[in-house]
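Morning, everyone. Please look at the screen while I put up the structure for today.

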Amino acid sequence: MKAHLTRRYMFSASHRLHSDEMSDEENQATYGKCNNPYGHGHNYVVEVTVSGPVDDETGMVCNLVDLDGFVHNEILERYDHQNLNQLPEFAEKVPTTENLCIAIYDILKRGFQMAHLDKVRIEETMMNSFEYWGDS
Amino acid sequence: MVYLTRKAEFSASHFYHNPRFTPEENQRVFGKCNNPNGHGHNYTLEVTVKGAVNPKSGFVVDLKQLKEVMSREVLDAFDHRFLNKEVPEFLTRIPTTENLAIVIWQRLAPKLNTAQLHRVRVYETPDLFVDFYGEDFYGEDSHGDAGKREA
């Protein structure tokens with residue numbers, strides 16, 4: 001029987017929303033205070049949802065130790081206490097939470113094989129959240 | 001179609017152990033959850049039902065009836081219990097959060113007569129929860145993403 005398991009994680013990072021394809025005025029109009037050249041930070045909450053049949057022997061969709069280990073090594077280590085703009089995946093992309101969702105989804109999709117990845121949901125603040133389910 | 005969710009809480013203890021595994025395998029697979037004396041959680045249960053809004057009452061479901069069924073079938077059986085020893089389903093199944101969601105679905109589904117069960121969500125902690133949509137939800141698409149269909 002198939003079930004969906006969701007795990008929440010947290011990391012803190014800074015970013016600046018700025019596009020080189022726009023003029024300074026356009027950047028300011030589009031991103032407002034998020035365009036501050038010195039950047040600003042958030043405590044991001046990342047929810048990872050995976051699914052699959054519940055294994056008869058373990059009662060699990062996947063072992064949480066495996067999921068936690070992967071997320072810790074590949075995602076939290078990568079993003080926690082970093083400036084997102086400095087990372088290669090945001091060299092040419094604005095580090096909006098939409099793009100962060102896609103980047104984290106891609107890391108999981110590529111590297112985590114223990115269960116089917118349903119979605120990545122990120123809370124940038126308590127008041128806004130973003131989800132990415134993949135392109136298909 | 002309108003979806004309605006009711007929450008409830010229960011506190012229970014459990015441990016993870018498969019009698020077909022060796023002690024070493026049990027320890028490797030289940031880690032500290034394998035402690036035979038058990039450990040506990042404050043679980044939060046969310047039950048979502050769906051249905052058409054009754055034109056006379058304006059209700060999808062009689063909330064009083066839903067609350068009674070949840071209390072009788074789940075909370076009375078699970079709250080302040082040692083799941084492995086006091087809930088019959090877990091004499092033969094490991095009381096993981098996945099299996100809790102499935103067992104709760106199986107207890108509730110036949111008892112709800114005014115609305116259809118859509119989802120059972122069980123939080124083991126605020127940072128870990130499992131969703132179960134029943135066996136018939138996915139049809140031929142075995143990896144259909146449930147949330148997409150809700151959107």
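I will go through the chains, then the interface, then a few contacts inside each chain.

One caution before we begin. This is a predicted model. Keep that in mind for everything I say.

Let's start with chain A. Chain A has three helices and five strands. Starting at the N terminus, the order of its elements is β-α-β-α-β-α-β-β. Its C-alpha atoms fill a box of roughly 60 × 30 × 25 Å along the principal axes.

Now chain B. Chain B has five helices and five strands. Along the sequence, its pattern is β-α-β-α-β-α-α-β-β-α. The C-alpha box for chain B is roughly 60 × 35 × 25 Å, again along the principal axes.

Next, the interface. Together the two chains bury about 2300 Å² between them. Of that area, 55% is on carbon and sulfur atoms.

What about polar links across the interface? Nine residue pairs are in polar contact there, with both residues at pLDDT 80 or more.

The rule finds two between chain B and chain A. One of them joins Asp127(B) to Arg8(A). The closest N and O atoms of that pair are 3.6 Å apart. A salt bridge here needs such atoms within 4 Å, so the pair at 3.6 Å counts.

Stay with S5(B) for a moment, please. This strand pairs with a strand of the other chain. Four bridges join S5(B) to strand S1 of chain A, residues 2–15. The two strands run antiparallel. Which residue of S5(B) is the bridge partner of His4(A)? The partner is Asp131(B).

Now we go inside chain A. S4(A) and S5(A) form a hairpin, with two residues between them.

S4(A) also brings us back to salt bridges. Over all chains, the count is 16. Among them is Arg121(A) with Glu47(A), where the closest N and O atoms are 3.1 Å apart. Arg121(A) lies in strand S4 and Glu47(A) in strand S2, residues 40–53, so this pair ties together parts of chain A that are 74 residues apart in sequence.

Last topic: aromatic rings. A pair of rings is described by two things, the distance of the centres and the angle of the planes. The structure holds 14 aromatic pairs over all chains. Take Phe10(B) and Tyr43(B) as an example. Their centres are 4.9 Å apart, and the planes are at 20°. Is that pair stacked or edge-to-face? Planes under 30 degrees apart count as stacked, so this pair is stacked. Phe10(B) sits in strand S1 of chain B, residues 2–14, and Tyr43(B) in strand S2 of chain B, residues 39–51. The pair links distant parts of the chain, 33 residues apart.

Notes. Residues are numbered from 1 along each chain as its sequence is written. Chains are lettered from A and ligands numbered from 1 in the order in which they are written. This is a predicted model: local features need pLDDT of at least 70, side-chain atom pairs count only at pLDDT 80 or more; totals for chains, interfaces and linings use all residues. Side-chain values use heavy atoms; hydrogens and water are left out. Buried area is the accessible area (1.4 Å probe) that two parts lose on being put together, summed over both. A salt bridge is a side-chain nitrogen of Lys or Arg within 4 Å of a carboxyl oxygen of Asp or Glu. A polar contact is a pair of N or O atoms within 3.5 Å; within protein, one must be able to donate a hydrogen and the other to accept it, and residues adjacent in sequence count only if both atoms are side-chain atoms. Two strands pair if DSSP finds at least two bridges between them. Rings of Phe, Tyr and Trp (its six-membered ring) pair if their centres lie within 6.5 Å; planes under 30 degrees apart count as stacked, over 60 as edge-to-face and the rest as tilted.
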